[in-house]
Amino acid sequence: MLVTVAQALINGLLIGGIYALVSIGVTLIFGVVKVVNFAQGEIVMAGMYTSYFCATLLGIDPLVSLLISMPALFIVGVCLQHFLIRRVLKLGDMPQIFLTFALSLLLTNVALLLFKADYRTIQTSYSDTAIHIGPVYIAVAKLIAFGVAMLLSALLWVFLRTTDLGKAMRASAQNPEVSMLMGINPDLVFAVAVGLALALAGAAGSLLMPFYPAYPMVGQVFILMAFVAVVLGTLGNVTGALIASLMMGVAESLGIQFVGADSGLIVVFVMFLVTLIIRPNGLFGGKRR
Amino acid sequence: MLSVTNVSASYGRVPAISDICIEVGEGEAVGLLGANGAGKSSTLRAISGLIKLTAGSVTFGGINTKGMPPYKITELGIAHVPEGRQVFPELTVRENLEIGAYLPGPKAQRQRSLDRVFTIFPVLAKRQKQLAGTMSGGEQQMVAVGRGLMLMPRLLILDEPSLGLSPVMADLTFEKIHEIHTSGTAILLVEQNVSRALTLVDRAYVLEGGRVIMNGSSIELANNKQVQASYLGI
């Protein structure tokens, strides 16, 4: 029993790290630009296909092609903000929702057209290896993914806390008008925020590739978890999204283990609803908002 | 240095100010007085680019600000401390001040500016690590003014700095503004507390219904019957 619990906890925590990369991106875009990016899951998908083709065509390991998918999607993010989101910012919620939702549908269908609905996997040297600690085993690919995810989250945190651009981003999120009076160009800050968010989602895709299949609809798995994590961890709160994601990974894993193979999400949503009843603003929502 | 010439501006179709003319010279302290809704804040917002002009022009240091976004106008050397303080609540006091010196010019002098702000507002030096949103109203006002000073502005625009402060805090704030002015920074001060404002500024404009209805030196205005009746309660 204890071993099963420990095993479920570890599995959940490791996949929670991937959820965190996606949800941090969603919460960053929401916090700074005030737009909900429904296409964030499809960016994960794009990251997966990038690493898939890097591996199959060029023989590049996904951990290395992370260095391709992240900058590529950062640039995509900057362009997305500059050419699309920026134009609907003043139009209110509906056009913004339509824009990112349409982008999600478009990317899924383009992927279907180009890659078919096949599940594509790649085999790395570490795909099937595991570390055994007593009776508990830890899949190496997932451990690496978790480690890199935590490292990237920490780097983002350091960026937001210590650099001028990071502080400007937080200032812009808290009061865009006054931040302009400080000489901060919101277009620049917004573009970097969306770029970073997409780079993180792309990283999630690359990190998943050694142990998770790529297919055009794969983004839906992750966007659903990301939205729950973002609300659970309080909208716009990066640390909150990280902690909520890890909690959800664990809840899902315990659900699969003890309720049923298809019931992981039930446990996640029960946890979500109970939390919202007790703390409507999420785990980290103060009274100020 | 600052010339506001025949400026009109509106919120959507609702006109906020019309035909406003204001001058602020180098190192001068000028007041913008009037009742609630007279158009004082709108005038300031027009100067710093937060609302678009529908007519007229604003020039600062000889540069016409037409079409410039607020963050470009800031670069010219205008620090606008907005109404209601509006510190960044979830940034620390220190971070709020650092963000004030975000632009390259002020950034190069950041440490010196910090020292200056801490000299003027010693309490901020002690509270550097506190989240600005958790401070009292008076302390937040100090953060907001300090953040403006970090820009090393040629013109410091203050919108109702005494609003919502206790009389003691308001006195202290006016004292500090006087100190900042005597050190050479030009000030454009919006105040509802007309009698206090007139002790601080050299000249003032009186606004009513979005228009300048009167202007003159502080002494002239303080002795003006209409000003006394409408704003000074004499």
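In the predicted model, Val7(B) has Ile20(B) of S2(B) as its bridge partner. Residues are numbered from 1 along each chain as its sequence is written, and chains are lettered from A, with ligands numbered from 1, in the order in which they are written. Because the model is predicted, local features need pLDDT of at least 70 and side-chain atom pairs count only at pLDDT 80 or more, whereas totals for chains, interfaces and linings use all residues; side-chain values use heavy atoms, with hydrogens and water left out.

Strand S1 (residues 2–11) of chain B pairs with S2(B) in the antiparallel sense over 7 bridges. Here helices (H or I, at least four residues) and strands (E, at least two) are DSSP runs numbered from the N terminus, and two strands pair if DSSP finds at least two bridges between them. Strands of a sheet pair through backbone hydrogen bonds, either parallel or antiparallel. In chain B, an open sheet of 4 strands has the order S2-S1-S4-S5, with antiparallel pairing. Strand S2 (14–24) and strand S5 (63–64) of chain B each have a single partner strand and stand at the edges, so one side of each is left without a neighbour in the sheet.

Elsewhere in chain B, Thr185(B) is found in the loop between helix H8 (167–182) and strand S8 (186–191). Thr185(B) counts as buried because its relative accessibility is 7%; buried means under 20% relative accessible area, exposed over 50%, and partly exposed in between (1.4 Å probe, protein chains only). Apart from neighbours within four places in sequence, the residues in contact with Thr185(B) include Gly27(B), Arg116(B) and Pro153(B), contact meaning heavy atoms within 4.5 Å.

Between the chains, 23 residues of chain A are in contact with 24 residues of chain B. The two chains bury about 2,300 Å² between them, 58% of it on carbon and sulfur atoms; buried area is the accessible area (1.4 Å probe) that two parts lose on being put together, summed over both. Gln174(A), Leu181(A) and Met182(A) supply 31% of the area that chain A buries against chain B, more than any other three residues.

The interface of chain A and chain B holds 5 salt bridges, each defined as a side-chain nitrogen of Lys or Arg within 4 Å of a carboxyl oxygen of Asp or Glu. Lys107(B) forms a salt bridge with Asp164(A), with the closest N and O atoms 3.0 Å apart. Helix H6 (164–174), helix H7 (176–181) and helix H8 (186–208) of chain A each supply at least two residues of the side that touches chain B. The largest share of that side, 7 residues, comes from H6(A).
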